[in-house]
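This briefing sets out selected features of the structure shown below.

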Amino acid sequence: MSEPVVIVGCGGYGREVFGVISAVNDADGGPWKVAGFLDDAPTESNLRCLDRLGVAWLGPGSLLGQLDAHYVIGIGDPRIRADVAAKLDELGRPAGRLIHPAATVGMANDLADGVVVFAGARITTNVTLGRHVHVNLNATIGHDAVLTGFVQVNPLAAISGNCTIGREVLIGTGASIIQGRAVGDRATVGANACVVRDVSAGTTVKGVPAR
């Protein structure tokens, strides 16, 4: 039987999450039934896009408490995602976990609730993904890496083995982090940056090497 799920956030990123759910259903016999989207302030443009998908906007995020459904957060900004999750946790509904069938997830990994792994992502072995970590299109994560809660790994980023990525970190598109480096909480690694030394919490680094 399919489990009902709602997507929180009906912008473009939320609609990409809908695509992940659709792919999972096509490959695995329909484990999820999308009840609709929740969003506190949807734009007219986004509502038109939902109409094209044939999925309804149900109302604000607070409505989740009235629904017997799992939820997945379709918001790309890791700090906003963390804030939204804190409010949703109070409503007592479980977070779903999504792995696109075109992603590769190896053995002995620990993936928490709310994780979303997009098409083409590669996760090797003994990797830990904390709550609501999102690994985007064609990103790679090497052995023994730890990504704590609410990390956003943008497309084509590469995190090498034994790296530790703090809470609410944004790893930009095409960025790379070499073996064994640590990135502190709420740091940002810019697009195409190459991290060769540890990154302090709350800082933004960019360039090659990243500074």
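Leu38 stands opposite Gly59, a residue of strand 3. This pairing belongs to a predicted model, in which strand 2 (residues 32–38) and strand 3 run parallel and are joined by 2 bridges.

- Strand 5 runs parallel to strand 8 (residues 116–117), and 2 bridges join them.
- Within this pairing, Leu98 is placed opposite Val116 of strand 8.

**Helix 1**

- The 17 residues of helix 1 reach 24 Å from the first C-alpha to the last, close to the 24 Å expected at 1.5 Å a residue.
- Its buried residues are Tyr13, Gly14, Val17, Phe18, Val20, Ile21, Ala23, Val24 and Asn25.

**Aromatic pairs**

- The structure holds 2 aromatic pairs.
- In one of them, the ring centres of Tyr13 and Phe118 are 5.7 Å apart and the planes meet at 50°, so the pair is classed as tilted.
- This pair connects distant parts of the chain, with Tyr13 in helix 1 and Phe118 in the loop between strand 8 and strand 9 (122–123), 105 residues apart.
- Tyr13 has 17% relative accessibility and therefore counts as buried; Phe118 is buried as well, with a relative accessible area of 2%.
- Phe18 and Phe37 also form a tilted aromatic pair, with 6.2 Å from centre to centre and 45° between the planes.
- Here too, distant parts of the chain are linked: Phe18 lies in helix 1 and Phe37 in strand 2, 19 residues apart.
- Phe18 counts as buried at 13% relative accessibility, and Phe37 counts as buried at 0%.

- Cys10 has a relative accessibility of 0% and so counts as buried.
- Beyond its neighbours within four places in sequence, Cys10 is in contact with Arg15, Phe37, Leu38, Asp39, Pro42, Asn46 and Leu50. Among these, Phe37 is a member of an aromatic pair, and Leu38 is the residue opposite Gly59 in strand 3.
- The C-alpha atoms of Cys10 and Ile73 are 9.6 Å apart in space, with a sequence separation of 63 residues.
- Asn136 is located in the loop between strand 11 (134–135) and strand 12 (140–141).
- With 3% relative accessibility, Asn136 counts as buried.
- Leaving aside neighbours within four places in sequence, the contacts of Asn136 are Tyr13, Glu16, Phe118, Ala121, Gln152, Val153, Asn154 and Pro155. Tyr13 and Phe118, included among these contacts, are the partners of the tilted pair whose centres are 5.7 Å apart.

**Cysteines**

- The structure holds 0 disulfides.
- The cysteine sulfur closest to that of Cys10 belongs to Cys49 and is 9.0 Å away, which is too far for a bond.
- For Cys194, the closest cysteine sulfur is that of Cys163, at 11 Å, again too far for a bond.
- Cys194 has a relative accessible area of 18% and is therefore buried, the cut-off being under 20%.

Notes
Residues are numbered from 1 along each chain as its sequence is written. This is a predicted model: local features need pLDDT of at least 70, side-chain atom pairs count only at pLDDT 80 or more; totals for chains, interfaces and linings use all residues. Side-chain values use heavy atoms; hydrogens and water are left out. Two strands pair if DSSP finds at least two bridges between them. Helices (H or I, at least four residues) and strands (E, at least two) are DSSP runs, numbered from the N terminus. Buried means under 20% relative accessible area, exposed over 50%, partly exposed in between (1.4 Å probe, protein chains only). Contact means heavy atoms within 4.5 Å. The expected span of a helix is 1.5 Å times one less than its number of residues. Rings of Phe, Tyr and Trp (its six-membered ring) pair if their centres lie within 6.5 Å; planes under 30 degrees apart count as stacked, over 60 as edge-to-face and the rest as tilted. A disulfide is a pair of cysteine sulfur atoms within 2.5 Å.
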